[in-house]
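Please look over the structure below. The report that follows takes up its pockets and then its helices.

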Amino acid sequence: MTDAIARASEVLKEHRESIDRLDAILVYTLAERFKHTKAVGRLKAEHDLPPSDPAREARQIERLEWLSTEADLDPEFAKKFLTFIISEVIRHHEKMQK
């Protein structure tokens, strides 16, 4: 193995280790987020509030698009990601109200 290939392998290993740590952060962050959205769902169910809040959801998507632009992340990807999360939250809230 040449020095260049060995160095490239080491850099690749470092990137992959960082990606693995970031994946763990994403999973724990999503778990924490869903813990709070489930609490919101219970409150909504207890007080007979609608499972979704379209105005808030629109604000959140707009905010995330802005944040993604600031973070140099594709805003369309960020929007799709948050839309998916919101749809899961609403599904959980609807389930709690049954």
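## The second largest pocket

About 310 Å³ of space lies in the second largest pocket. A pocket here is an open set of points on a 1 Å grid over the protein atoms alone, where a 1.4 Å probe fits, with protein on both sides within 12 Å along at least five of seven lines. Grid points are joined across faces, edges and corners, and a volume is the space filled by probe spheres set on the points. Lining residues have an atom within 4 Å of a point. There are 16 of them in the second largest pocket, and R33, T37, R56, V89 and H93 are the closest to its centre. Two or more lining residues come from each of α1, α2 and α3. By class, this lining divides into 6 nonpolar, 5 polar and 5 charged residues. Ala, Val, Leu, Ile, Met, Phe, Trp, Tyr, Cys and Pro count as nonpolar, Asp, Glu, Lys and Arg as charged, and the others, Gly among them, as polar.

## About the model

This is a predicted model: local features need pLDDT of at least 70, side-chain atom pairs count only at pLDDT 80 or more, and totals for chains, interfaces and linings use all residues. Residues are numbered from 1 along each chain as its sequence is written, and side-chain values use heavy atoms, with hydrogens and water left out.

## The largest pocket

The largest pocket has a volume of about 360 Å³. Its lining has 14 residues, and L26, L30, L64, F81 and I85 are the closest to its centre. Three helices each supply at least two lining residues: α1 (3-46), α2 (54-70) and α3 (75-96). Helices are DSSP runs (H or I, at least four residues), numbered from the N terminus. The largest share of the lining, 5 residues, comes from α3. By class, the lining holds 11 nonpolar, 2 polar and 1 charged residues.

## Helix α1

The 44 residues of α1 should span 64 Å at 1.5 Å a residue, and its end C-alpha atoms are 64 Å apart, which agrees. The expected span is 1.5 Å times one less than the number of residues. The buried residues of α1 are F34, T37, G41 and K44. Buried means under 20% relative accessible area, exposed over 50%, and partly exposed in between, with a 1.4 Å probe and protein chains only. These buried residues of α1 pack against α3.

Two residues of α1 show the range. T37 lies in this helix and counts as buried because its relative accessibility is 14%. Leaving aside neighbours within four places in sequence, T37 is in contact with V89 and H93; contact means heavy atoms within 4.5 Å. A8 is also found in α1. At 44% relative accessibility, A8 counts as partly exposed. The C-alpha atoms of A8 and A55 are separated by 48 Å, and the two residues are 47 residues apart along the chain.

## Helix α2

α2 has 17 residues and reaches 24 Å from its first C-alpha to its last, close to the 24 Å expected at 1.5 Å a residue. Its buried residues are E57, Q60, I61 and S68. They cover an arc of only 100 degrees around the axis, so they sit on the same side of α2. The arc is that of the directions from the helix axis to the C-beta atoms. On the other side of α2, R59, E62, W66, T69 and E70 are exposed. What covers the buried residues of α2 includes α3.

## Helix α3

α3 has 22 residues and reaches 31 Å from its first C-alpha to its last, close to the 32 Å expected at 1.5 Å a residue. The buried residues of α3 are A78, L82, I85, I86, V89, I90, H92 and H93. They cover an arc of only 160 degrees around the axis, which puts them on the same side of α3. On the other side of α3, K80, F84 and K95 are exposed. The buried residues of α3 pack against α1 and α2.

## The two loops

D48 lies in the loop between α1 and α2. D48 is not a glycine, yet its phi is positive, about 55 degrees. With a relative accessible area of 68%, D48 is exposed.

D72 lies in the loop between α2 and α3. D72 is not a glycine either, and its phi is positive, about 65 degrees. At 73% relative accessibility, D72 counts as exposed.
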